[in-house]
Amino acid sequence: TAAALSGAKKLVITAHVNPDGDAIGSSLGLMHLLRGLGKDVTALLDDDIPAGFHVLPGYDVIRRPSSEEGEKIACDLFVVLDTMTDRIGGTAASVHAPRLLNIDHHHTNPGSEKEDLYLDATRAATCEIIYDLAKEMGAPFSKEAAMCLYTGLATDTGFFRFSNAASHTYRAAADLLDAGAQPNVISEALEVKPLQTVKDLGEALSQMEMFADGKASGIF
């Protein structure tokens with residue numbers, strides 16, 4: 001997998017629709033790493049990017065796939081991150097590549113005959129796999145890449161509260177901090193909620209009812 005990334009000169013990177021921190025972080029993190037190696041890299045996501053991720057370097061260069069019939073981006077390698085290839089929306093129809101590389105940490109990803117699947121379910125996030133591959137490629141961690149990859153580690157581990165955060169995850173996070181990642185900037189940006197969202201939550205909570213002797217609750 002590292003050899004495939006190192007050998008390609010022009011790449012297109014994508015991830016799943018309704019992108020979360022790992023999808024966005026791994027896409028932008030890999031983009032920065034590969035651009036640092038002198039490669040031509042485009043990040044495509046077929047969905048809106050939540051505003052909270054505006055603090056990530058490269059947020060403003062993520063493109064949406066073209067809606068024009070027959071208009072495709074030609075590249076050496078098409079990289080799908082953090083998902084099965086049937087969850088990338090219209091991006092698949094917008095890219096022409098001789099090879100498709102799928103990198104994921106979800107054990108439910110079955111892969112397909114049309115792709116090369118690199119799956120490591122022992123990693124807490126796809127960003128953690130990208131960290132591993134960068135080390136294997138000898139790609140230096142810029143501050144830009146570190147910010148993005150740290151975001152994926154943090155969000156997919158519940159900011160290091162979940163049991164999927166293993167010792168390797170913490171070592172990767174420490175290396176990314178040394179490379180310039182700013183956890184406070186990331187967490188503060190992602191904690192900001194629109195006023196309407198807060199109001200909607202308050203309204204929902206006001207309708208909550210308790211049952212099962214107070215051991216459970218629900219909104220009916």
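This is a predicted model: local features need pLDDT of at least 70, side-chain atom pairs count only at pLDDT 80 or more; totals for chains, interfaces and linings use all residues.
Local features are taken only where pLDDT is at least 70 and side-chain atom pairs only at pLDDT 80 or more, while totals for chains, interfaces and linings use all residues. Residues are numbered from 1 along each chain as its sequence is written, and side-chain values use heavy atoms, with hydrogens and water left out.

Helices (H or I, at least four residues) and strands (E, at least two) are DSSP runs numbered from the N terminus, and two strands count as paired if DSSP finds at least two bridges between them. On these terms, 5 strands form an open sheet with parallel pairing, in the order E2-E1-E4-E6-E7. Strand E2 (40–43) and strand E7 (116–119) stand at the edges, and each has a single partner strand, so one side of each is left without a neighbour in the sheet. From one strand to the next the twist averages 20°, where axes are lines fitted to C-alpha atoms, for helices over the stretch in contact, and angles run from 0 to 180 degrees between N-to-C directions.

Within this sheet, E4 runs parallel to E1, to which 5 bridges join it, and Ile-13 has Val-79 of E4 as its bridge partner. E4 also pairs with E6 in the parallel sense over 4 bridges, with Val-80 facing Asn-102 of E6 as its bridge partner. Of the 5 residues of E4, 5 are buried, which here means under 20% relative accessible area, with exposed meaning over 50% and partly exposed in between (1.4 Å probe, protein chains only). In a regular strand the side chains alternate between the two faces of the sheet. Leu-77, Val-79 and Leu-81 point one way from E4, whereas Phe-78 and Val-80 point the other way.

Helix H3 (residues 126–137) lies across E4, E6 and E7 and runs at about 115° to E6, with contact taken as heavy atoms within 4.5 Å.

The buried residues of H5 are His-168, Thr-169, Ala-172, Ala-173 and Leu-176. They lie on the same side of H5 because they cover an arc of only 140° around the axis, the arc being that of the directions from the helix axis to the C-beta atoms. On the other side of H5, Arg-171 and Asp-178 are exposed. After H5 comes Gly-180, with a positive phi near 120°.
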